[in-house]
Amino acid sequence: MSIALEIKNLHASIGEQPILKGIDLLVKQGEIHALMGPNGSGKSTLAYTLAGHPAYEPTAGQVIFGGEDLLEMEADERSRAGLFLAFQYPAAVPGVTLAKFLRQTINSRRQAENPEDKGISIPAFRRLLTEKMDMLGIDHKFAGRYLNEGFSGGEKKRVEILQMATVEPKIAIMDETDSGLDIDALRIVSEGAMRLYREMNMGALVITHYQRILDYIKPDYVHIMMDGRIVESGGPDLALKLEEHGYDWLREKHGVVEEA
Amino acid sequence: MTTFTKDAVEKLSASLNEPAWMLEFRLKAFEIYEATPMPTTKDEAWRRTNLRQLNFDEFGPSINGDAATDAVIPSYLGEQLTTDKAGGNLLQIDGVTKKYNLSDELKAQGVIFCDMHEAVAQHPDLIKQYFMTKGVQVTEGKFAALHGAFWCGGTFLYVPKNVKADAPMHSVLWSENGRTFTHTLAVVETGAEAILMDEYASAEGEVPGLHNGVIELLVGDNASLVYAGLQDFGQNVWQFNHERGRVGRDGKLDWVTSIMGTRLTKAFQTLELDQQGAWGRMSGIFFTNGRQHLDMDTEQIHNAGDTVSDLLYKGALKEKSRVVWQGMIKALPGSQRIDGFQANRNLMLDKTARADSIPGLEIEADDVRCTHASAVGKLDEEELFYLMSRGIPRKTAVEMSVQGFFDPLMRRIPYEGIQERIFGRIVEKIG
């Protein structure tokens with residue numbers, strides 16, 4: 001069954017500060033949407049709100065995911081339902097190895113289905129992990145390292161994609177996955193992500209500042225966000241136009257005041 | 001009415017068929033015990049641990065032979081630690097040996113591993129030389145003296161010169177009668193190597209129990225000992241321990257302590273680096289909940305130059321439990337080029353728990369590097385959100401985060417099976 005992420009008039013605040021001011025967006029499985037916009041426009045807030053971060057409070061609107069009310073679910077339920085967020089700044093988890101963590105992500109899924117489940121066997125998990133690590137060019141030694149602790153920016157991003165490959169979501173949000181990556185790392189990470197999208201018929205919402213990542217991850221749709229709203233939507237051409245002309249024409253068109 | 005009497009000392013010694021010299025040792029210790037007042041909060045070392053609620057005389061000594069024969073102990077205790085290498089296994093209930101074996105290889109190498117009473121009977125010269133002479137002294141305090149008078153049961157390990165015992169020794173000291181006075185004495189001679197794991201445990205009980213233990217770890221020149229003392233008594237037990245490790249020239253002592261149980265624990269743990277090149281590492285793992293009270297006094301004493309000590313104690317605290325860690329690094333005059341480190345990190349799982357960290361330095365040499373650190377933290381919500389965002393339920397995420405906090409120390413326990421068991425206890429205590 002094909003799943004869609006349907007965002008309707010979503011408003012959200014951090015503390016008393018309203019950030020999202022009415023977002024409407026439909027992302028279906030198999031579609032790639034790029035979300036662009038200047039700093040402070042609310043892109044990451046949208047990502048965190050959808051993932052269920054407790055500091056981001058939805059104040060109005062609705063998000064339907066696979067027919068369910070996403071905003072009613074805990075963060076872990078959202079993930080098990082098939083939503084994935086690749087973090088811009090993944091947290092370090094000292095003392096928990098990447099292997100132990102990935103195994104738990106699989107086992108938590110199995111145990112949610114069947115509380116009696118004993119979890120994936122160690123040999124089966126090893127095979128799976130080796131295969132996915134090879135696909136993303138990750139040194140096998142990383143399996144025994146503590147999650148994201150002392151990882152470089154590029155290593156963290158690769159490991160985010162490795163997690164995506166392991167949990168096999170229906171819809172992925174990639175929050176500035178391209179930030180802090182050199183050109184080789186960007187290529188490996190984006191090609192890996194693109195391959196997963198195609199193999200698993202995933203839908204994706206790719207948040208970025210730059211056209212660069214879109215050379216590898218070809219979007220079907222491009223949306224521009226300003227001041228907590230999506231102000232413009234179009235095809236891949238829109239991203240190129242933005243690269244060429246910047247945001248000023250959009251600010252003028254939509255009467256958005258540039259923040260100091 | 002007091003139960004710790006001279007008569008009781010004589011009765012205990014007779015029940016153990018002890019030689020006269022040991023009875024004499026006990027009686028001398030008893031005199032010191034009688035002459036030493038019960039510590040109060042006016043004594044510096046006891047400022048944060050109040051014994052008013054302790055009705056000391058209700059315990060009494062453990063007389064040999066009164067051990068319950070039908071005690072039900074967890075099946076995993078007393079098992080061999082590794083599947084490929086047989087070392088030594090010793091299981092005692094209330095100080096009486098119930099199960100014992102030592103591999104032929106180790107026997108052939110001259111390794112002695114047995115209960116302390118067997119050691120007194122069979123190896124009197126070694127016991128006279130090492131028992132409470134070089135490690136813990138009966139004059140160290142009320143509870144050291146009490147132990148000297150009433151010790152019962154425990155573990156003796158002797159590894160002769162240049163013998164490398166390549167399989168672990170595992171000792172389980174189970175308490176059934178709530179009167180436990182175990183003594184561990186490990187002597188690793190010049191150039192020898194060994195691994196010893198002591199597990200102290202009892203079931204939960206209603207009636208207050210007592211553990212008054214001593215641990216002595218004597219590591220010779222160029223010798224190496226890995227020692228793990230793992231305590232999981234019921235929360236009805238009051239524990240008073242004196243523990244000391246000594247390390248000779250270029251020797252190594254890797255000392256791990258895990259504390260999960262007891263109502264109250266007061267432990268004095270001292271590492272003495274006696275000769276140049278000695279290295280000692282002290283690792284502490286503890287998790288308190290309910291009204292548990294844990295008070296640890298640690299000392300790292302650099303008696304010689306070019307010595308290294310490294311202490312890291314990490315604990316998680318829940319509910320109304322309280323943990324005190326008071327650490328001291330001492331460098332004697334002339335102990336140059338030493339490197340001493342001490343750190344205590346506590347994870348507060350509830351606002352109602354309380355932790356006190358009191359590091360200290362007494363340095364009488366000038367070319368030294370001594371550092372200390374202490375930190376109190378809470379669970380990191382960003383970390384938990386990250387784990388949850390991958391489909392892991394909050395409860396599991398909390399368990400992983402707490403296990404992660406302990407993981408680097410847990411890896412210092414040489415056997416994965418034991419690591420997993422302690423992790424299991426931690427998960428149980430998280431609840």
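Reader: Which residue of β2(A) stands opposite A:I14, and how do you know that β1 and β2 of chain A count as paired?

Author: In this predicted model, A:I14 stands opposite A:Q17 in β2(A). Strand β1 of chain A, residues 4-14, is joined to β2(A) by nine bridges, and the two run antiparallel; two strands pair if there are at least two bridges between them, so with nine bridges β1(A) and β2(A) are paired.

Reader: What makes β2 and β5 of chain A the edge strands?

Author: The open sheet has four strands of chain A in the order β2-β1-β4-β5, with antiparallel pairing. Strands β2 (17-28) and β5 (68-69) of chain A each pair on one side only, and they are therefore the edge strands.

Reader: Why is helix α1 of chain A called mostly covered?

Author: A residue is buried if 20 or more other C-beta atoms lie within 10 Å of its own, and eight of the nine residues of α1(A), which spans 43-51, are buried. Among them are A:K43, A:L46, A:Y48 and A:L50. Just after this helix, A:G52 takes a positive phi of about 95°.

Reader: How do you know which part of chain B supplies the largest share of the side that touches chain A?

Author: The contact involves 20 residues of chain B and 21 residues of chain A, where a contact requires C-beta atoms within 7 Å. Helices α7 (381-388) and α8 (394-410) of chain B each supply at least two residues of that side of chain B, and the largest share, nine residues, comes from α8(B). By class, the side of chain B that touches chain A has 10 nonpolar, five polar and five charged residues.

Key. Residues are numbered from 1 along each chain as its sequence is written. Chains are lettered from A and ligands numbered from 1 in the order in which they are written. This is a predicted model: local features need pLDDT of at least 70, side-chain atom pairs count only at pLDDT 80 or more; totals for chains, interfaces and linings use all residues. A residue is buried if 20 or more other C-beta atoms lie within 10 Å of its own, exposed if 12 or fewer, and partly exposed in between; C-beta atoms are placed from the backbone. Two residues are in contact if their C-beta atoms, placed from the backbone, lie within 7 Å. Ala, Val, Leu, Ile, Met, Phe, Trp, Tyr, Cys and Pro count as nonpolar, Asp, Glu, Lys and Arg as charged, and the others, Gly among them, as polar.
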